Amino acid sequence: MRMDVASYNEKAAQARSIVLKSQGIISFTELKLPQVEEALSQHQKQCATDQAALVAQIGVVAADLNVTAGILEIIGDCGAAAQAALVQCRHCAKTGKGYVMIQNDVFQPLINKLKSAAAKSYLQTHLNQLYAETTEDQEPEELSQEAVRHMTALMTGRSASQLRGSSDVDQDPSDPELLASLGNETNVTGLNISEVPEDVAPAECLPTNKCTLGKGSCTKIRDRFLYIQSGIQDMYSKLKSELEQLIAMCNEVRIQKENQIADLNDQKRDAQTDLASATKDQVSSESSSNTIAAQHVALKAEYIKTMKECCDEQNDLKSEMCALEKIRGELYKMKGEKIFITDCEVSDFKSGECSASCGGGVLEKTRSILVHPINGMACPPLTLKESCNTQPCPIDCVV
């Protein structure tokens with residue numbers, strides 16, 4: 001029983017160890033799961049924002065490609081509609097290099113539709129280079145005030161009459177601000193007025209900040225726009241590649257997070273299963289240990305009581321045997337006989353081996369004579385047979 005109690009105690013300790021381990025795993029997963037789920041949610045939101053931004057950029061660049069394609073389609077074989085000159089206003093851009101426009105009522109409104117900063121940068125870089133090339137051998141012409149107003153109207157989409165008298169033209173059109181100062185007009189509001197004077201022809205008064213005109217070459221303008229279109233196409237391809245890489249990265253991280261969440265859920269589920277099983281084993285082992293321990297206490301008390309009774313009975317029997325031996329000696333004396341009396345003494349039984357390992361066998365016990373009897377009590381049996389290994393023998397399956 002003591003071995004049984006020790007065995008159940010060991011099983012209870014092992015089950016308790018699994019219970020504690022399972023509880024730790026469950027606590028960890030319950031803490032970690034919300035963190036990973038929140039990280040996945042934030043990742044998906046950020047990916048959606050970044051993808052939307054890239055898609056918007058791609059849309060802008062695609063529109064710019066359509067603009068350059070439209071310009072190149074109009075240029076075509078450099079017909080009459082495609083003839084144009086280059087206008088540079090050095091005071092219009094903060095870079096100091098000058099802002100270059102195309103003096104063509106069809107091209108410039110299309111150019112104004114360019115939205116991306118990169119496309120505008122490509123345009124100004126190439127137009128400045130082309131303007132420099134065209135003015136190397138030929139001095140540029142200065143634009144009249146009316147021509148400046150006309151170019152400003154093309155840039156802003158406002159009529160020249162709306163710009164006349166406005167200070168907006170002093171601003172940088174790339175900011176977007178307007179081109180140059182065109183002067184101020186005065187409104188007469190008094191009652192003492194004169195007759196309406198005749199219309200005066202526009203004076204050829206040049207602005208303080210000059211805009212100059214360079215003779216453009218249709219083929220060179222077309223070549224430059226091909227370069228510009230190629231640069232925008234490269235930017236479009238780059239943005240598309242970045243979008244594909246972003247989507248791939250977002251999917252990869254999403255899969256990692258989802259796998260991590262699945263693994264944590266599996267760990268939690270397995271730990272809960274182990275916790276239930278180990279708790280059951282612990283309770284069962286503890287109950288068996290306590291039951292057997294209680295039985296051991298009861299049997300121990302019964303054992304002590306029985307052994308005391310047995311000891312008392314042995315002592316009583318020994319006392320009676322001693323009394324009988326004395327009585328026997330006195331009887332011989334009364335008869336006048338002097339006889340040497342020796343009772344038989346034997347050793348303790350020694351067990352042999354069981355005749356069978358299962359199915360019931362015979363165990364033979366033997367003992368030897370220590371003192372042979374002389375006129376005394378005879379020897380008891382020297383052999384004793386008992387049954388052993390009575391459990392059924394195992395039977396192998398036969399198919």
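**Charged residues along helix α6**

Glutamate 258 and arginine 254 are four residues apart in helix α6, so about one helical turn separates them. The model is predicted. It holds five salt bridges, and one of them joins glutamate 258 to arginine 254. Helix α6 covers residues 218-334.

**Glutamate 258 and arginine 254**
- The closest N and O atoms of this salt bridge are 3.1 Å apart.
- Glutamate 258 is partly exposed because its relative accessibility is 34%.
- Arginine 254 has a relative accessible area of 26%, so this residue also counts as partly exposed.

**Arginine 269 and aspartate 266**
- A salt bridge links arginine 269 with aspartate 266, with 2.3 Å between the closest N and O atoms.
- Both residues belong to helix α6, where they are three residues apart, about one turn.
- Arginine 269 is partly exposed at a relative accessible area of 45%, and aspartate 266 is partly exposed at 34%.

**Lysine 308 and aspartate 312**
- Lysine 308 pairs with aspartate 312 in a salt bridge whose closest N and O atoms are 3.2 Å apart.
- The two lie four residues apart in helix α6, about one turn of the helix.
- Lysine 308 is exposed, with a relative accessible area of 54%, whereas aspartate 312 is partly exposed at 34%.

**Negative surface patch**
- Glu309, Glu313, Asp316 and Glu320 form a patch of negative charge on the surface.
- Glutamate 320 is part of helix α6.
- The relative accessibility of glutamate 320 is 47%, so this residue counts as partly exposed.

Key: Residues are numbered from 1 along each chain as its sequence is written. This is a predicted model: local features need pLDDT of at least 70, side-chain atom pairs count only at pLDDT 80 or more; totals for chains, interfaces and linings use all residues. Side-chain values use heavy atoms; hydrogens and water are left out. Patches are made of residues with over 30% relative accessible area and no salt bridge: like charges are joined within 9 Å, nonpolar side chains (Val, Leu, Ile, Met, Phe, Trp, Tyr) within 5 Å. Accessible areas come from the Shrake-Rupley method with a 1.4 Å probe; for residues, only the protein chains shown count as cover. A salt bridge is a side-chain nitrogen of Lys or Arg within 4 Å of a carboxyl oxygen of Asp or Glu. Lys and Arg count as positive and Asp and Glu as negative; His and the chain ends are not counted. The place of a charge is taken as NZ of Lys, CZ of Arg, CG of Asp or CD of Glu. Buried means under 20% relative accessible area, exposed over 50%, partly exposed in between (1.4 Å probe, protein chains only).
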